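Please examine the sequence and the three-dimensional structure shown here before reading on. The explanation begins with the whole chain and then turns to its parts.

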Amino acid sequence: MILPHPSRRIWLFLDHEAIATTLVQHNDKLKKSFDYQLLTDILGDGLITTEGAVWEEDRSRLQPAFKPAANAAFLPIMQKRIDAYMDTLKVGEERDLYQDSLAITLGVIGERMFYRNVDEHMQRIVTALAHCLGSITVRGALPVDLPKRYPKIFARRFVRELATLRGIIAELMDERRGSTEPFDMNAMMQKDPAFSRERMVNHLLTMFSAGYETTASALGWMWMLVAERPALQELVRGADDSVLRAVCDESLRLYPSLPTFGREVTAPFQIDDIALVPGDSIGYCPYATHRLEAHFHDPDRFDHTRFLRVEGKPPPKKGSYLPFALGQRACIGASFALTEMQLVLGSMLKRFRLELVDPPERAALRVSYAPHPGVIVKLLPTA
Ligand code: HEM
């Protein structure tokens, strides 16, 4: 499908084969879309914003911090935080579980980045980041980008907040310089001469920006789906991890935190009868792709069993399920996020039955698409 645009061709690929072929086989002929270039003003050359050799080298240098052993090592710390949150909850109260999820994922990502509790700095980081991202969103919506030296009056607060944001990260980085934790990303980078101080800040800030709200949004939608299904809660309570995982997968199918993302074509290539040329844009919409009957039977219905591994049952076709994108530039934090979602879900249902009081009215764009204004749930005793 081609979308109308005055000056370039924008292709929207919803079919799994076109998605898989472009993102996996032709990744070297694509770069990230224009909105990511705007993000460079905040994140510098972090993993999300770089391309080519710079990206490739940094991705392989940082990958060890996200391997299964790294996630396993962090598990007890994550569980401790989640238990501490659960201890604050009381039977009978109504909670906005989306807001609570923001607090949980904020604390978890902070501790994951620095391997120490950095909660006292997190609210300041969030405020500064929210302002910077807000400015970028306004710029992204303008018909032409502002020149780099646009009038200071618009930029003054942006510059101040960005300095605060990067300053706090740099301070925490210095404070944790001597850390001997094997999977401490900060310590790993400190030992590698390839990373300048500025680039370390870029990478840490990138992980924070990419990993905090996305996971909270995913949890928020999951609470809505789970809280309106008492039978599902019963089933999850007595089940093993594979069921928890399937609930998370199905929830991300219906409500992927990043419902769209884009690429720009940098070198010509062919997909069936479509000749893609430099300057073309490609849009991907996991939200729509996940809800095509061709990919998932009765697609609007919640059914976690789609993702239960059963012998003889084929997994979803490559390209039909992409909450974490696909190919070389797929999310580096996917398994970390899924671990966190499963732990939170399992811990919550062990202690409470959930009853949906107020569902969200709509999805609101923050960094990701979040349930707005929240997900109000009543906590009931388990039977
Ligand atoms: C449920 C939670 C999450 C979702 C749905 C999600 C989704 C995504 C998606 C769709 C992309 C690809 C975007 C694109 O190519 O345009 C991505 C990239 C990325 N994500 Fe995540 N993410 C989540 C959590 C995390 C976490 C926890 C971290 C880090 C701790 C993280 C770090 C990153 C990074 C660094 C990239 C860029 C990878 C690269 O280009 O090499 N994400 N994520």
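This is a predicted model: local features need pLDDT of at least 70, side-chain atom pairs count only at pLDDT 80 or more; totals for chains, interfaces and linings use all residues.

Residues are numbered from 1 along each chain as its sequence is written.

The protein chain has 14 helices and 12 strands. Helices (H or I, at least four residues) and strands (E, at least two) are DSSP runs, numbered from the N terminus. The radius of gyration of the protein chain is 21 Å, close to the 21 Å that the globule rule gives for 383 residues, so the chain is as compact as a globular protein of that length. The radius is taken over C-alpha atoms, and the globule rule is 2.2 Å times the number of residues to the power 0.38. Along its principal axes, the C-alpha trace spans about 60 × 55 × 40 Å.

Consider next an open sheet of 5 strands, which has the order S1-S2-S8-S5-S3 and mixed pairing. Two strands pair if DSSP finds at least two bridges between them. The edge strands, S1 (2-3) and S3 (30-32), each pair on one side only. Strand S3 pairs with S5 (residues 261-265) in the antiparallel sense over 3 bridges; Lys31 has Glu264 of S5 as its bridge partner. Helix H1 (residues 16-25) lies across S2 (10-13), S3 and S8 (281-284), and runs at about 115° to S2. Such angles run from 0 to 180 degrees between N-to-C directions, and axes are lines fitted to C-alpha atoms, for helices over the stretch in contact.

Elsewhere, strands S10 (residues 362-365) and S11 (residues 369-372) run antiparallel and are joined by 4 bridges. A hairpin of 3 residues connects S10 to S11, and Leu365 has Tyr369 in S11 as its bridge partner.

How do two helices meet? The axes of H12 (residues 241-254) and H14 (residues 334-351) come within 9 Å and cross at roughly 110°. H12 is therefore roughly perpendicular to H14, a term for angles of 65 to 115 degrees. The contact is made by Asp241, Leu244, Arg245, Val247 and Cys248 of H12 and by Leu338, Met341, Gln342, Leu345 and Gly346 of H14. Here, two residues are in contact if their C-beta atoms, placed from the backbone, lie within 7 Å.

Key: Angles under 35 degrees count as roughly parallel, over 145 as roughly antiparallel, 65 to 115 as roughly perpendicular and the rest as oblique.
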